[in-house]
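Open the model in a viewer and display the side chains.

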Amino acid sequence: MTADRTVVDVRGARFGAVLTTVVLAAVLISGSDRLLAFQALVFAVGALAGVQHAPYAWLFRVAVRPRLSPPSAFEDAAPPRFAQSVGLFFALVGLVGYAVGPQWLGLAATACAFAAAFLNAAFGYCLGCEMYLLLRRATG
């Protein structure tokens, strides 16, 4: 385990991935840089303050988790936090593409973030988390 010994409910991470997928799909359809900026802010909070402090995690805690059975599975917060950093990177690159061009850069970066969020939402496969684990193994 890492220095960040916080654990999170795996259902909350998946809930966040579902919301992220919806927001990024809306960005891809509309080309809205404001909506992408909102998602970048969500990623930034998750990356900098921890996934348990992200807006989607708060929404899960307040509106969804009370209606579910107690959590039976937890995960270390470090891999999802890293995944939020990766999402933030792609969202920022997408913002540059949408704001100053080229437009295809915004579309491509947003599509990459969308694909990763969709994998987590639909299949429970966190691409950023897997990247984190590979990097940890590679660096010892």
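Rings of Phe, Tyr and Trp (its six-membered ring) count as a pair if their centres lie within 6.5 Å; planes under 30 degrees apart make the pair stacked, over 60 edge-to-face, and the rest tilted. Searching the whole structure by this rule gives five aromatic pairs.

Select F82 and Y132. Their rings form a tilted pair, 5.8 Å centre to centre with 50° between the planes. The two residues come from distant parts of the chain, 50 residues apart: F82 is in helix α4 (residues 78-100) and Y132 in helix α6 (residues 127-139). Helices are DSSP runs of H or I, at least four residues, numbered from the N terminus. This is a predicted model, in which local features need pLDDT of at least 70 and side-chain atom pairs count only at pLDDT 80 or more, while totals for chains, interfaces and linings use all residues. Residues are numbered from 1 along each chain as its sequence is written, and side-chain values use heavy atoms, with hydrogens and water left out.

Now colour by relative accessible area (buried is under 20%, exposed over 50%, partly exposed in between; 1.4 Å probe, protein chains only). Y132 is buried because its relative accessibility is 13%, whereas F82, at 25%, is partly exposed.

Next, select F114 and F118. The ring centres are 6.2 Å apart and the planes are at 20°, so this pair is stacked. Both residues sit in helix α5 (residues 103-123), and because they are four residues apart, about one helical turn separates them. F114 is partly exposed at 24%, and F118 is partly exposed at 39%.
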